[in-house]
Amino acid sequence: MTETLLPKTYEFAATEEKWLGRWRAEHSFAANMTEGRPAFSIVIPPPNVTGVLHMGHALNNTLQDILTRYHRMKGDNTLWLPGTDHAGIATQNVVERQLRTEGKNKNDLGRDAFIERIWQWRREKGGAIVEQLKKLGASCDWQRERFTMDEGLSKAVRQVFVQLYKEGLIYKGDYIVNRCPSCQTALSDDEVEFEERDGKLYYIRYPLADGSGELVVATTRPETMLGDTAVAVHPDDERYRAFVGKEVTLPIAGRAIKVIADTAVELGFGTGALKVTPSHDRNDYEMGKRHNLSFMKVMDDRGFMNENAGEYQGLDRFACREKIVADLRADGFLVKIEDYKHAVGACYRCHTVIEPATSRQWFVAMRVLADEAKAAVEDGRVRLHPKSWRANFFGWMNNIRDWCISRQIWWGHRIPSWDCQDCGERIVEMADPSRCPHCGSAQIVQEEDVLDTWFSSALWPFSTMGWPEKTKELTMFYPTSVLVTSFDILFFWVARMMMMGLHFMGEPPFTDVYLHALVRDKDGRKMSKSLGNGIDPLDVMASYGADAMRFTLTALAAQGREIRLDLERIEGYKHFINKIWNAARFAHMHLADCDEHIREVADNPGQLPMAYRWILSRAEATAEVVRGAYDNFLFNEAAQAGYQFIWTEFCDWYLEWIKADLFSADDEVKATAKGVLLTVLETILHLTHPIIPFVTEEIWSVLPGKRSLLMTAPFPEPRPSWRDAQAEEEMAVVIEAISGLRAIRSENDIHPSAKLTALVLCPGEAKRAVLTANGKRIADLARLESLSIAASGDKPEKSASFVGLGLEIFVPLQGLVDVAAELVKNEKELVRVEEKLAQVRKKLGNDNFLAKAQAEVVAKERDKLAELEARLALLISAGDRLQKMR
């Protein structure tokens with residue numbers, strides 16, 4: 001028994017601190033590895049070590065925590081493995097900015113000292129996001145936390161690199177890659193974000209070398225023309241057939257270049273004649289290979305023009321563009337300039353416009369690996385949720401390019417390749433060489449580049465469990481059960497993990513992949529600093545509590561839909577948390593002095609009164625929905641089912657119904673009420689704990705009996721004996737009657753304390769018997785002075801009515817409502833609403849307003865229109881009712 005009553009107000013901050021401390025002290029999140037039990041495992045998408053918690057993290061980790069807590073309560077061996085990513089480019093940028101404030105750069109320190117400086121930063125400031133995830137309630141096994149640069153993972157990275165190299169799936173070669181001039185490194189295709197931008201299309205004359213005419217080409221990047229080695233036209237373009245094979249003179253440079261025919265030329269772009277710059281355009285690169293053109297780079301890695309740019313050497317690429325355009329105009333080569341909207345690629349990290357350029361880089365040959373991953377989805381070994389992402393996945397797999405894995409930075413896994421300076425031998429082995437194994441020379445030099453961050457992340461599901469060693473963790477928890485992540489890294493990360501897992505483990509790294517949507521603002525816009533529409537989860541937790549935020553995100557997480565978040569929704573679900581608290585507090589006042597064995601009355605529900613059988617049946621029905629929702633990643637359905645049951649059925653109906661029994665003089669009646677109340681409250685706590693762990697753990701801890709933690713208490717097994725269709729049908733009739741009586745009171749503006757007389761006509765014998773048996777409780781809850789129930793009868797004069805579920809309700813209003821006065825009041829309000837409605841309709845019918853007003857302003861006006869139209873309909877309906885009562 002417990003005598004400690006719950007406080008009047010739910011203090012979420014103190015509660016969260018209390019349970020975080022206790023869970024941590026008792027190692028409650030540690031994974032069990034008990035033989036014979038099912039295993040459930042999930043690896044956290046490792047946040048960048050530089051990161052701070054944003055709403056995307058909050059959503060992603062809430063959903064993972066729900067699954068983890070659910071399976072832990074089911075008794076599964078449950079592992080949620082946490083960790084962080086070293087985030088090569090991002091972390092190096094942070095420390096380089098730090099150095100700039102000291103008037104230094106990385107070259108002043110040298111490579112080794114700079115890397116040590118990053119490690120120092122990581123020890124002092126990195127990983128703040130881990131502590132923030134703990135505040136969210138993330139029940140990871142924090143003792144197993146990993147880092148993509150730790151010793152074990154570094155060993156796995158080297159093993160994979162060496163093996164893929166020896167299999168011929170990693171190679172070094174010249175290819176055109178995406179380069180970020182700001183980060184000064186190559187980027188894979190996935191690390192380039194394309195966005196529509198306003199640009200210019202420049203039309204330039206290329207005169208034929210023999211003076212017999214000219215070709216006009218269109219380009220968005222005139223600065224690259226200095227590297228042109230051909231002009232291309234489509235072989236079917238009759239306008240240019242006579243030009244193919246001739247030479248044109250490259251303006252400004254004065255070089256002669258060929259006119260070639262290639263089917264890759266878009267007939268509808270510009271003039272149909274295309275300048276070909278193989279070293280600075282992906283399509284031109286392929287064309288250059290096909291036609292054996294020369295390759296000329298005219299920019300360096302920083303985006304400045306190089307020695308091949310002649311007089312433009314040293315200019316930034318955009319400054320060069322302006323000067324070249326001016327020179328073309330002065331020399332008569334510029335025909336015209338048009339405004340042109342087109343997709344421009346930018347670095348995903350710093351948003352600098354990328355520059356395609358030929359370079360010698362390291363690549364993973366993807367075709368074989370991609371086919372294995374594609375087959376795993378096709379044959380169902382990996383299931384994508386929602387299924388609509390399968391088409392995108394297959395499209396990407398079918399059109400995949402080799403993966404550029406080398407980065408020109410210092411922070412990361414340095415590529416384990418050495419070149420002999422004497423004989424040219426390349427050495428790639430697990431151990432660092434001291435001499436060339438081919439010629440014995442000590443003049444060997446290691447590759448300067450590091451591996452793409454996503455290379456180590458691709459190994460995450462098995463490297464974090466100890467691979468390449470054969471560990472107990474791998475035996476029990478690999479493949480993992482599910483991956484929960486945002487759809488925007490399906491190709492960055494998910495597909496690559498599948499490739500590596502299949503190739504090195506022989507099995508996919510997970511069975512299910514749940515791809516959740518992005519969190520946007522209430523108007524559907526991406527949250528960003530520039531728009532000022534971001535919602536900080538740390539601020540939300542400080543103001544509303546972690547449970548309110550978690551429940552909001554879960555309730556909005558419908559598969560395939562974007563999540564539109566605003567503080568009003570969070571405020572609303574905070575009220576829901578308080579509703580649970582207040583209901584539990586009421587229950588606890590009656591349960592504090594009880595023995596836990598009182599719940600045994602629910603073991604034989606068939607002997608209980610109708611309302612008790614009803615609430616147990618509804619509890620089991622809700623448990624079925626919640627259980628199925630958790631099992632099938634339908635998180636919002638679990639939240640909605642819990643919300644509906646708790647707020648409406650448990651709080652609004654059941655608690656009100658049993659108050660008389662809880663205060664009954666009959667000890668047996670009182671004990672039954674308490675026993676079922678405890679049983680249902682415990683069920684509520686079990687079902688909702690995975691979503692709202694803090695408030696449920698606190699309530700659980702004060703209930704009767706000696707209790708372990710709720711987070712390790714068994715999740716309710718199916719209890720078919722609780723289902724009772726008859727009780728649900730009977731209670732539905734009673735609820736309908738009470739709701740109808742309350743509706744009459746509300747619609748006619750009758751004071752809540754006024755006692756009413758009611759007549760219920762119900763021709764159905766069974767329903768009438770239910771109403772008669774529960775007449776006193778109906779009268780009490782509807783605040784009736786008297787209630788008559790009959791099979792048929794005459795409608796009382798001047799009465800309001802309600803019809804529903806095979807019954808008619810009549811309440812005489814004589815002396816309760818001044819019909820004439822109410823009609824006057826109704827008419828005045830009707831006129832006022834119609835005037836406002838006319839104003840809003842006029843505004844929304846104004847094309848000028850719709851064109852110039854901000855989207856949110858227009859949306860508010862449309863909401864106002866809907867509200868006024870609904871209000872008008874209610875007033876008309878009320879007027880009709882009043883007229884009938886005259």
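A salt bridge is taken here as a side-chain nitrogen of Lys or Arg within 4 Å of a carboxyl oxygen of Asp or Glu, and by this criterion the structure holds 56 salt bridges. The structure is a predicted model, in which local features need pLDDT of at least 70 and side-chain atom pairs count only at pLDDT 80 or more, whereas totals for chains, interfaces and linings use all residues. Residues are numbered from 1 along each chain as its sequence is written, and side-chain values use heavy atoms, with hydrogens and water left out.

An open sheet of four strands has the order 27-26-29-28 with mixed pairing, where strands are DSSP runs of E with at least two residues and helices are runs of H or I with at least four, both numbered from the N terminus, and where two strands pair if DSSP finds at least two bridges between them. Strand 27 (784-790) and strand 28 (799-804) form the edges, each pairing on one side only. Neighbouring strands of this sheet are turned by 20° against each other on average, direction ignored; axes are lines fitted to C-alpha atoms, for helices over the stretch in contact, and angles run from 0 to 180 degrees between N-to-C directions. Strand 26 (residues 756-761) pairs with strand 29 (residues 807-812) in the antiparallel sense over three bridges, and V760 has I809 in strand 29 as its bridge partner.

Individual salt bridges were then examined. The side chains of R144 and E473 meet at 3.0 Å, N to O, and this pair links distant parts of the chain, with R144 in the loop between helix 6 (128-136) and strand 4 (146-147) and E473 in helix 14 (residues 472-477), 329 residues apart. R144 is partly exposed, with a relative accessible area of 23%, where buried means under 20%, exposed over 50% and partly exposed in between (1.4 Å probe, protein chains only).

Helix 20 (residues 635-662) contains both K659 and E656, three residues apart, or about one turn of the helix; the closest N and O atoms of their salt bridge are 3.0 Å apart. K659 is partly exposed at 31%, as is E656 at 32%. D661, also in helix 20, is linked to R777 in helix 25 (residues 775-782), 116 residues apart, with the closest N and O atoms at 3.2 Å. R777 counts as buried at 19% relative accessibility, and D661 counts as buried at 14%. Salt bridges that share partners also join R618, E624, E649, R723 and E728 into one network.
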